[in-house]
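Try each task on your own before reading its solution.

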Amino acid sequence: MDENAKSIRILCPKLVLSKTGLQWLIGSPFFQPLTVVSTLRCIHNDSSSPDYNRESDDLRTLLPKGFNVIGALIIKNSDVEKKNAGEAVDAARRLRKLLSGEAELRNSVTIGAVADSVTGDVQFFVSRSEKPAGIKTVDFVLYDDNPEKYVWEKGCLIRCELPIKLPFYYPVNSISGDFL
């Protein structure tokens with residue numbers, strides 16, 4: 001596992017935790033790896049597991065281009081953190097496969113986070129493979145105090161080219177070009 005997988009940067013002012021459920025962790029390739037820009041609550045949660053097809057359809061519409069699901073946060077009242085982190089990683093990988101249309105996610109790190117529904121404490125894990133043994137505890141989590149500054153310094157939110165033709169005006173009585 002590379003050194004970048006040892007730390008996670010959280011740009012959300014505060015992770016919004018509900019009583020139980022699943023949240024998608026949103027990131028962007030414009031930022032450093034494992035940077036969480038935002039979270040989205042799982043909308044289509046049928047009893048115990050999400051409806052991934054409906055969820056992916058809605059997320060395609062909700063997520064602006066350049067942002068993607070990099071992990072999941074599961075909220076439970078349980079002591080088995082690594083097992084719950086595995087569930088979160090599996091959910092995020094399954095959704096990412098549907099969003100990308102690829103059968104296999106190659107060389108990508110997925111975040112699995114577990115929040116205690118009673119205390120609100122969050123523990124982060126990362127996984128590079130689909131095997132439960134590949135889940136590693138994150139050593140360092142940085143909650144950014146000034147996320148706006150980080151976004152403006154490191155990010156690229158709008159990247160486009162617009163072919164604009166501007167009219168060129170000059171005074172009729174000045175033919176010499178002194179106005180330039």
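**Exercise 1. Find the residue that follows H2 and describe its phi angle.**

Solution. Go to the end of helix H2, which covers residues 81-100. The residue after H2 is Gly 101. Its phi is positive, near 80°. Keep in mind that this is a predicted model.

**Exercise 2. Which residues of H2 are buried, and what do they pack against?**

Solution. First apply the cut-off: buried means under 20% relative accessible area. Among the residues of H2 that are buried are Ala 85, Gly 86, Ala 88, Val 89 and Leu 95. The list also includes two arginines, Arg 93 and Arg 96. Next, look for their partners: the buried residues of H2 pack against H1 and several strands, including S2 (21-27), S7 (68-76) and S8 (110-116).

**Exercise 3. Locate the salt bridge between Glu 87 and Lys 83, and classify each residue as buried, partly exposed or exposed.**

Solution. The closest N and O atoms of Glu 87 and Lys 83 are 4.0 Å apart. The two residues are four apart in H2, so about one helical turn separates them. Glu 87 has a relative accessible area of 31%, so Glu 87 is partly exposed. Lys 83, at 54%, is exposed. Finally, widen the view: Lys 76 joins Lys 83 and Glu 87 in a network of salt bridges.

**Exercise 4. Contrast the salt bridge of Asp 57 and Arg 60 with that of Arg 9 and Asp 144.**

Solution. Take Asp 57 and Arg 60 to begin with: their N to O distance is 3.1 Å. Both lie in helix H1 (residues 52-62), three residues apart, about one turn of the helix. Asp 57 is partly exposed at 45%, and Arg 60 is partly exposed at 44%.

Now turn to Arg 9 and Asp 144, whose closest N and O atoms are 2.8 Å apart. This pair links distant parts of the chain, 135 residues apart: Arg 9 is in strand S1, while Asp 144 sits in the loop between strand S11 and helix H3. Asp 144 counts as buried because its relative accessibility is 17%.

Methods. Residues numbered from 1 in each chain as written. Predicted model: local features only at pLDDT ≥ 70, side-chain atom pairs only at ≥ 80, totals over all residues. Heavy atoms only, no water. Salt bridge = Lys/Arg side-chain N within 4 Å of Asp/Glu carboxyl O. Buried < 20%, exposed > 50% of the residue type's maximum accessible area, 1.4 Å probe, protein only. Contact = heavy atoms within 4.5 Å.
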